[in-house]
Amino acid sequence: MSKYHFNTIEKFWQNYWAENKTFRAEDQSENPKYYVLDMFPYPSGAGLHVGHPLGYIASDIYARYKRHKGFNVLHPQGYDSFGLPAEQYAIQTGQHPRKTTEENIARYREQLDRIGFSFDWSREVRTSDPNYYKWTQWIFIQLFESWYCKRHEKAFPISELVKVFSEQGNESINVECEVDIPVFTAEEWNSFSEKRKEKKLLKYRLAYLAETEVNWCPQLGTVLANDEIVNGVSERGGYPVVRKRMMQWSMRITAYAQRLLDGLDTIDWPQPLKDSQTNWIGRSKGALVHFKLKDHDGTIEVFTTRPDTIFGASFMTLAPEHELVDRITTMEQRFEVSKYIEATAKRSERERMADVKSISGVFTGAYAVHPFTGEDIPIWIGDYVLASYGTGAVMSVPCGDQRDHDFATHFNIPIPNIFEGVDISEEAFADKDNTIIANSDFLNGLNYTEATQKVIDALEEKNIGKGKINYRLRDAVFSRQRYWGEPFPVYYENKLPKMIATEHLPLMLPDVEKYLPTEEGEPPLGRADVWAWDTEKNEVVPNHKIDNKTVFPLELNTMPGWAGSSCYMFRYMDPHNNDELASKTAMDYWGNVDLYVGGSEHATGHLLYSRFWVKFLYDRGFLQVDEPFKKLINQGMILGESAFVYKVIYSNACERDGVFEIDAEFLKSLPNELFITKGKLNDDYGNTYECSHDDTFNETIRNYLLEKGIIEKDDFNKVYCDAIQVHADVSLVNTFNELDIEAFRNWRPEYKDAEFISEDDGVFKVSREAEKMSKSKYNVVNPDDICEQYGADTLRMYEMFLGPLEQAKPWNTAGISGVHSFLKKLWKLYHTGADDSFNVSEGKATKDNLKTLHKTIKKVEEDIENFSFNTSVSSFMIAVNELTAQKCNNREILEPLAILISPYAPHIAEELWKELGHSESISTAPFPRFNESHLVESTKEYPISFNGKMRFTMELPLDMSKDDIETAVMSHDKTAHYLEGRTPKKVIIVPGKIVNIVG
């Protein structure tokens, strides 16, 4: 009987690794360093499902492999533990999010340990730990105390800007700041009050407070970032989101737009992810044009990528949120404009950008003046223009832009043609490479490039515009109106923000009675009784002590989810340092992350913000690197194999002649929860079965209802039905897609009296479909169950075996038994007999043994380096099959084989290593070296044919001459047998291929 008791073995080695700190990284080592990191998880209440560990297993294989290769590997783990789910649970139950989070972390840790990851847990970080978020608060303070110089393309301390202002004013500086800041001299600056100076500086700081157009989710009571909104609703909970203006903290990420683009060329990331960031940043080259308002003071500033088409502008379109809309709208149009603005506020920017089919807008009643022709141009508002992109206003050129063309056609606005030899009556002409300008005064006859430059020159000469590079990227809103997040280290003196000194951090979250916004609409921190800052005692004190002299109110917002994840990778380098984010020594040694593994969904969120913060800290000299992650791998998704039952629903009418509506009373008499087996549905109908015209289907339902006495014979033709898919928990379905009907009835209260139309043999079949693994789809597979039934090594290898790491692949529990059988076969290579005793010989390996081993070494090493883990698993299976057939039990082969498989199946490898006589962990054993000589063939197995028919084979040296081959073949006993005394007419020999004897 096999002694491969995987549960016992795995538990032993997990305890061994923990007790011996096997995977603890050295802060300094003579060995080369390698830093492997996973995107740390948010600890949800549901725990891990089998889809979650995919990336962790891949990174763990690579980390273990690098240790075998002699590297000092840092492979830490922690928790992104601030988040909305814990706060939502707190709102529902009153339980503090800290308690919920700690319980969830304990569950996650238990699950992660059971899978056998080689994490260095001594470096664990949690974003909700005050000892960690002290440094998130510190980084915020550094951003507040910094400005960005465009001349040097670098951030500097704000004190240096103050010095420039006091000596030169602001006229000659090239700085990233708010637009339209009035010019002031050094004398004027020096005469300003401190309060006025602070207000001015807010317009230059990299972390600043300003009224901003935001995505507001009333149900969640907080602002959401664009990447937290999906299809116009919140990603968390699916709640409506509206646009509104609020005073918010923001990050001036736009200062780094070009550097963020340029930096993509220096890092090894998947191209689709680079493309996502490139498109999100959205660099475009064009011109800034000022259109004077008619009958109003001021101008409308427009950015256009096609200044060559300026003579084709027949109207202007403002974003509904544009600050000028309220001022310029006429009384006659005010009602329509207000109604339109209100409707637009209910749509997210992403929804508006994606909606290219709908055409809507309202005329404001106001006009602008064309800068070259002097003609009046009507000003409209339309939701296809976004306040957050460019200036929130466009010069609309319907002959050259399809959305403008559609808008103009819809609202009957003129469409002047400014292109030579082009028909624009049906659609716009957007091919700038083949553009020749016409009907455009001084631009006539010019191509796109020539006309563009000539317009820019004319704009600059008339001082009504200039050439400009623009970015779609907007400054990042940094405030959230919720409790469970990092508190801002900010108090307000005379309504102006002041920073708490670093030595007094962390500023810890206060206790509150409820986690909802206050009745006055303030964030949950507005409920705290002790949330004021005493500037003399430098501590938090009760609110009633606020006197606005020495005690001041603290900021009520908290930081967003991405704050804690933007620099956590550096904290792992020196996690217990109370004086610095990490010491210079530690950061000099570890540098940045060599391999980062995580999902592509973070492309324009965490990954972009992290790059921004790292570049900023590099500018200020706090980091020695300006990119956080050298190489990035996006793991694909493991899809759940959802199970669907088909619920019968009754149609009120059928569109065939002679069939009448079913009356309500009759409808009520039919069973509410009736399900039909998959086999009795017509597959032609797809996943949503509209079967009311399917006579066979309807007759099946009618006969069932008749047999059960639910309907009378007279009612037979009244019943018309459809069937809809309903998720069933996958745990209620066996490997043959058969539903456990009683378990289904007991699963949910509404199904306790459910009725079922089964197959003719009595079983009830479900359909299966691969989709995202999710608790709401009841297709989650718990890794604990797999580890219990098959072992963690089986889980690890099976997840890798499913397919290429970066691709999505469906989970199928039925397939896992094959991998488990392989591990049992591997175990038997090292054991023999009925008692399964250890049996490894010291004898010399055969040539075939060595060939199998070394081709496996070569393939596995290549696969790991290329992250092709699925093909490695196949190679292991082939190797074990070949060695089994060769009856190999030689230490010379089996010892390196254990090391080879160790990154994939570490528990069984450790156990075999111990049985091989080693007292140390296998984790640092040198990786086997590939020897090509064992793959070089020195002999050839020749097929020996007689008159073209192969009769037997002979193994002969490859370097044997034709004469020697003929001598060896002719002297063989079997040759004499087949010749039967005859003398062959000739012997055909092709060296290295065939021997054919013609008789």
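## Helices H10 and H18

Helices H10 and H18 are roughly perpendicular to each other, because angles of 65 to 115 degrees count as such and theirs is about 75 degrees. The structure is a predicted model. H10 covers residues 271-281 and H18 covers residues 606-619, and their axes lie 11 Å apart.

On the H10 side, the contact is made by Leu273, Gln277, Trp280 and Ile281. H18 contributes Leu607, Leu608 and Arg611. Sorted by class, this contact has 5 nonpolar, 1 polar and 1 charged residues.

## The chain as a whole

The chain has 999 residues, of which 53% are buried. It contains 30 helices and 36 strands. Along the principal axes, the C-alpha atoms fill a box of roughly 120 × 90 × 75 Å. Of the contacts with a separation of 6 or more, 71% are between residues 24 or more positions apart.

## Nonpolar cores

In soluble globular proteins, nonpolar side chains tend to be buried together. In this model the largest nonpolar core has 92 residues. Phe140, Trp249, Met251, Phe478, Phe570 and Trp613 have the most contacts inside it. Helix H5 (residues 130-144) supplies the largest share of this core, with 9 residues. Another core lies apart from it and has 84 residues, among them Trp827, Phe867, Ile901 and Leu916.

Beyond its neighbours within four places in sequence, it is in contact with residues including Phe140, Trp249, Ser250, Met251 and Phe488. Its other partners include Thr558, Met559, Pro560, Trp562, Ala563 and Trp613.

## The sheet with E9 and E17

Strands E6, E5, E9 and E17 form an open sheet in the order E6-E5-E9-E17, with antiparallel pairing. E6 (222-224) and E17 (476-477) each have a single partner strand, so one side of each has no neighbour in the sheet.

E9 (residues 242-251) pairs with E17 over 2 bridges in the antiparallel sense. Methionine 251 has alanine 476 of E17 as its bridge partner. Met251 is also one of the residues with the most contacts inside the largest core.

## Strand E10 and its partners

Strand E10 (residues 283-293) pairs with strand E16 (residues 465-471) in the antiparallel sense over 7 bridges. Within this pair, leucine 288 stands opposite lysine 466 of E16. E10 is also joined to strand E13 (residues 362-369) by 2 bridges, again antiparallel, and leucine 293 has alanine 368 of E13 as its bridge partner.

Isoleucine 300 of E11 is the bridge partner of phenylalanine 291. E10 and E11 form a hairpin with 5 residues between them. In the turn, aspartate 295 has a positive phi of about 65 degrees.

## The sheet with E33 to E36

Another open sheet has 4 strands in the order E34-E33-E36-E35, with mixed pairing. Its edge strands are E34 (949-957) and E35 (986-990), each of which pairs on one side only. From one strand to the next, the twist averages 20 degrees.

Strands E33 (residues 939-946) and E36 (residues 994-998) pair in the parallel sense over 3 bridges, with phenylalanine 946 opposite isoleucine 997 of E36. Helix H29 (residues 962-970) lies across E33, E34, E35 and E36 and runs at about 125 degrees to E35.

Methods: Residues are numbered from 1 along each chain as its sequence is written. This is a predicted model: local features need pLDDT of at least 70, side-chain atom pairs count only at pLDDT 80 or more; totals for chains, interfaces and linings use all residues. Side-chain values use heavy atoms; hydrogens and water are left out. Two strands pair if DSSP finds at least two bridges between them. A nonpolar core is a set of buried Ala, Val, Leu, Ile, Met, Phe, Trp, Tyr and Cys residues joined through side-chain atoms within 4.5 Å. Buried means under 20% relative accessible area, exposed over 50%, partly exposed in between (1.4 Å probe, protein chains only). Contact means heavy atoms within 4.5 Å. Axes are lines fitted to C-alpha atoms, for helices over the stretch in contact, and angles run from 0 to 180 degrees between N-to-C directions. Angles under 35 degrees count as roughly parallel, over 145 as roughly antiparallel, 65 to 115 as roughly perpendicular and the rest as oblique. Ala, Val, Leu, Ile, Met, Phe, Trp, Tyr, Cys and Pro count as nonpolar, Asp, Glu, Lys and Arg as charged, and the others, Gly among them, as polar.
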